[in-house]
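Work through the following exercises with the sequence and the structure side by side, and try each task before you read its solution.

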Amino acid sequence: MTDLVERDVAAVTPSPASSPGPSSAPKSRLRSEAFARRLRARHAAERRFRLAGAAAVALAALILLLLLGSIVAKGASAFWEARIRLEVTLDPAEVADRNYTAALRRALYAQFPQVTDRAGKRVLNDLLSSGAPYELEAMVAKNPALAGTTQTVWVRADDQIDQLVKGAYRRDLPETERGLSDAKVAAADALLASGALAQSFNTTLFTAGDSREPEQAGIGGAIIGSLLTLLVTMALSVPVGIAAAVYLEEFAPKNRWTDLIEVNINNLAAVPSIIFGLLGLAVFLGFFGMPRSAPLVGGLVMALMTLPVIIISARVALKAVPPSIRQAALGIGASPLQTVLHHVLPLAMPGILTGTIIGMARALGETAPLLMIGMVAFIVDIPRGLTDSATVLPVQIYMWADSPERAFTERTSAAILILLGVLILLNGAAVILRKIFERRW
Amino acid sequence: MSIQNQLKLRPRADDRPGQRTAAALPNKMTAHGVTVFYGAKQALRGINLDIQENRVLALIGPSGCGKSTFLRCLNRMNDTVEGCRVEGRIALDGEDVYGKAVDAVQLRARVGMVFQKPNPFPKSIYDNVAYGPRIHGLASGRDELDEVVQTSLKRAGLWGEVKDRLREPGTSLSGGQQQRLCIARAIAVSPEVILMDEPCSALDPIATAHIEELIDELRANYTIVIVTHNMQQAARVSQRTAFFHLGEMVECDDTEEIFTNPRDERTQGYITGRYG
């Protein structure tokens, strides 16, 4: 038997008598002119491919920059608003009547002593926002001691004056083509010259609900509506989605039924979002009689829409956890549930979070299904609960984009910027969360 | 160097035939007619094998012969494989491990396992070892748990290397240290049997030597079944060896007998390197 082993060893050892002939032939071919030509062609092809790739990236970056640049250029001015300084004398009788318009007008006329006729006064009246009396009312409501005193206040200017200050109207055009009367331009210029008309940061844009008057319109209501909707979506789709993914991936037997479910989940992810809106209209509004335009229903519809996305991404993340971890846990007697909860799920968490936040970002930017359940509505009040009428950011953008006023154009762009900002925040949060969860291991 | 010569160089007092016979030791586990199917494919055919207490049983054989499958039947790890069906009877201390009274979770605590590739949890060294005692509630209180972790790491010969860095992740250790950590993790739940599925195949020779010494020491307290591709290793660490071929157990005998005087031609062919 020992011989046998030694014979085997001898057979494996390479024989020293092998000739150098066959190895020299390919060597010379590798040094030939034809080979060098082919090599040059291969390198050239590589360079071309890299160039094409870099060009594609550059083109994409350029288009993105162009898009963002145009939005920023149009929308940046919306973060400022024109306000007019007035010395308002608050007559106690008028305060009791809650008639603040008269006080404002008196203060304004005082700045233009030369204007006495009705037409001229009407021009001056139009300089102020129709919401200016409410600002004054809110001020007095906060501090009733102001009645009977004279106060310096900055009140909102009308949206046309606002746009004039921002340079949206061309002064060199004749009155009829400009869309703003010479009288108003002259009055506004006089105020500008005296420093009584100036721009300040536009808090209205963030705090107010929607309005017919652009200078009083804000996305505060839409942001709250989006938040409430997203809250419902998250509360439903995250636990249900993760639980479904864990069950399908870790516990469910692989048979025809689970195959069928898997195919259906994949199909659901590809269903156009408006279909989910129709479903919500038929089931939640039609059958269950839930309130129209409510964040609750919007959230339910969005949850149905994002569920497949979350399930699919969570399953991918669970699949990526190496089976050796499961075996290690099972091997020392962890139950299947302990294996999943203690080891598999924490390892899959970064991936699951990424998928979840992508789903949430999609829900945040979605409009179509909300059209069906009445969330496209003119809603002035800021929603206070899940069943209040509400609208959401993208829908607000859609509605403002439809408005003819110049001031709404810039506010549309500003709202887009804010929506983009929220999306960037969400994605940033995803990255940070992923980092935190990864660092733990 | 041939395996026979190696065996002669490293004689073991308690393994010499005649001094302590195999029959003298009680059987910890027994397998009768174990047959395994993966779907329609038959992986094992009627395996009969006795595993003696406080001894190392090596399972050898060419790739795909079913030795790992058999190993995974012993602690029902095959339960997790889709479409796997086990027939026959496997008993641990006389009790059928596939019986209704036996819970797979409890069985796996009693029959621990060490895998081919070191697979520490991506947690601290301490938590790796403490995980088993924690989930089984084997240690009451912090001090007792510390004690269990320390004892387990000492038994696995890792304490000296890691005692100052118990909070560092287990994955930061070298391959050989990771495998010893996995052994420490397995013995922390004080199992009766330890199954090792090619525990050294991913390790360098020095780490392998370390593990082999460890296996020899662990034999005093545990019954060990080891699958290995390396026949020298089987010869070095085991007292009993079973040769598997094409889903059958060809022969099982004292290790020295198998390597010096195999009864079956297939065994002889394999250990002399004619196939494998």
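**Exercise 1. Find which residue of β3(A) stands opposite A:Ile84, and describe how the strands pair.**

Step 1. A:Ile84 stands opposite A:Leu197 in β3(A), where strands (E, at least two residues) and helices (H or I, at least four) are DSSP runs numbered from the N terminus. Before going further, note that this is a predicted model, in which local features need pLDDT of at least 70 and side-chain atom pairs count only at pLDDT 80 or more, while totals for chains, interfaces and linings use all residues. Residues are numbered from 1 along each chain as its sequence is written, and chains are lettered from A and ligands numbered from 1 in the order in which they are written.

Step 2. Strand β1 (residues 80-89) of chain A and strand β3 (residues 197-201) of chain A run antiparallel and are joined by 5 bridges; two strands pair if DSSP finds at least two bridges between them.

Step 3. β1(A) also pairs with strand β2 (residues 150-156) of chain A, in the antiparallel sense and over 7 bridges, and here A:Leu86 stands opposite A:Val153.

**Exercise 2. Decide whether the faces of β6(B) are covered or open, and find the partner strand.**

Step 1. In a regular strand the side chains alternate between the two faces of the sheet.

Step 2. In strand β6 (residues 111-114) of chain B, B:Val111 and B:Met113 lie on one side and B:Gly112 and B:Val114 on the other, and all are buried, so that both faces are covered. A residue is buried if 20 or more other C-beta atoms, placed from the backbone, lie within 10 Å of its own.

Step 3. The partner is strand β7 (residues 193-197) of chain B, which runs parallel to β6(B) and is joined to it by 4 bridges; B:Val114 stands opposite B:Met196.

**Exercise 3. Describe the side of chain A that touches chain B.**

Step 1. The contact takes 20 residues from chain A and 25 residues from chain B, two residues being in contact if their C-beta atoms, placed from the backbone, lie within 7 Å.

Step 2. On the side of chain A, the elements that give two or more residues are α1 (2-12), α16 (323-331) and α17 (336-364), and α16(A) gives the largest share, 6 residues.

Step 3. This side divides into 10 nonpolar, 8 polar and 2 charged residues, where Ala, Val, Leu, Ile, Met, Phe, Trp, Tyr, Cys and Pro count as nonpolar, Asp, Glu, Lys and Arg as charged, and the others, Gly among them, as polar.

Notes. Buried ≥ 20, exposed ≤ 12 C-beta atoms within 10 Å, placed from the backbone.
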